[in-house]
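Here are a few notes to read alongside the model. Could you go through them with the coordinates open?

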Amino acid sequence: MALLLRVTVACGAVLALVTVRGQAANPTTEAFGRNEIVPDLIDVAPEQTIKITYPQSEVEVSLGNQLTPTQVKARPKLCWEVEPSALYTLLMADPDAPSRSNPEMRSWKHWLVGNIPGADVDAGDVLADYVGSGPPQGTGLHRYVFLVYKQPSRIVFNETVLSSRNPNRGKWNPAEFVKEYELGVPVAGNFYQAQYDDYVPELYATFTDTA
């Protein structure tokens, strides 16, 4: 069987795709399908992987690896391949709220930023400030999914802006959001899994803005 190795460089990292019999085995697309993010959250998987690191805890998101709420409590750094002058929307969602077996609160909005110039998330419009993982005790592993969409142009978002203290984020439908703002399919994505640890009650205690 012939194998061809194609290597590209993005965000300072070397990315490799193995081609088998002329067909590229895309690791991002394969992981999204194998972990049922397609179809639980989106219909089409992204092909590009977002490079996501948590500097405070020195961990990296890697297509479904297990992290802890303690490790992801601070906002991460993200990088993806960008087009010159393009604007992007970033979202992070948990489709397993309150549990993967009973996702009646699907999806929980963890982070939402629009009008991002390139991959400079700090320069975008924050629609929902970052909130780390807080899976309830006894609910097993949750999937925490990051998706990036290329915008057709600058968007005036008609969304209630949520601070990190506001927990009113459940039953959010990313597909409807994407359709409303004509974002198309995601250009990049990544995800990790996490379950309850002792930091979760501390996170819940910060939810003081319930308006």
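1. First, a word on terms: accessible areas here come from the Shrake-Rupley method with a 1.4 Å probe. On that basis the chain's accessible surface comes to about 10600 Å², and carbon and sulfur atoms hold 50% of it. Do bear in mind that this is a predicted model.

2. On the overall make-up, the chain has four helices and 13 strands. Of its 211 residues, 45% are buried. If you take contacts between residues at least 6 apart in sequence, 70% of them join residues at least 24 apart.

3. Now the inside. The largest nonpolar core has 24 residues, and Tyr54, Trp80, Trp111, Phe146 and Tyr192 are the ones touching the most other members. Strand 5 (51-54), strand 9 (87-94), strand 10 (108-117), strand 12 (142-150) and strand 13 (188-194) each give two or more residues to this core. Another core, of 23 residues, lies apart from it, with Leu41, Leu91, Ala93 and Ala128 among its members.

4. Trp111 is worth a click. Leaving out residues up to four places away in sequence, Trp111 touches, among others, Phe146, Leu90, Met92, Tyr130, Arg75 and Arg169. Its partners also include Leu91 and Ala128, both of which belong to the 23-residue core.

5. Last, the second largest pocket, with a volume of about 200 Å³. It is lined by 13 residues, and Ile42, Asp43, Tyr149, Ala175 and Val178 are the closest to its centre. Which element gives the most to this lining? Helix 3 (residues 174-180) does, with four residues. By type, the lining splits into ten nonpolar, one polar and two charged residues.

Note on methods. Residues numbered from 1 in each chain as written. Predicted model: local features only at pLDDT ≥ 70, side-chain atom pairs only at ≥ 80, totals over all residues. Heavy atoms only, no water. 1 Å grid on protein atoms, 1.4 Å probe; cavity = no way out; pocket = protein on both sides within 12 Å on 5 of 7 lines; lining within 4 Å. Points joined across faces, edges and corners; volume = space filled by probe spheres on them. Nonpolar A, V, L, I, M, F, W, Y, C, P; charged D, E, K, R; others polar. Buried < 20%, exposed > 50% of the residue type's maximum accessible area, 1.4 Å probe, protein only. Contact = heavy atoms within 4.5 Å. Core = buried A, V, L, I, M, F, W, Y, C linked by side-chain atoms within 4.5 Å.
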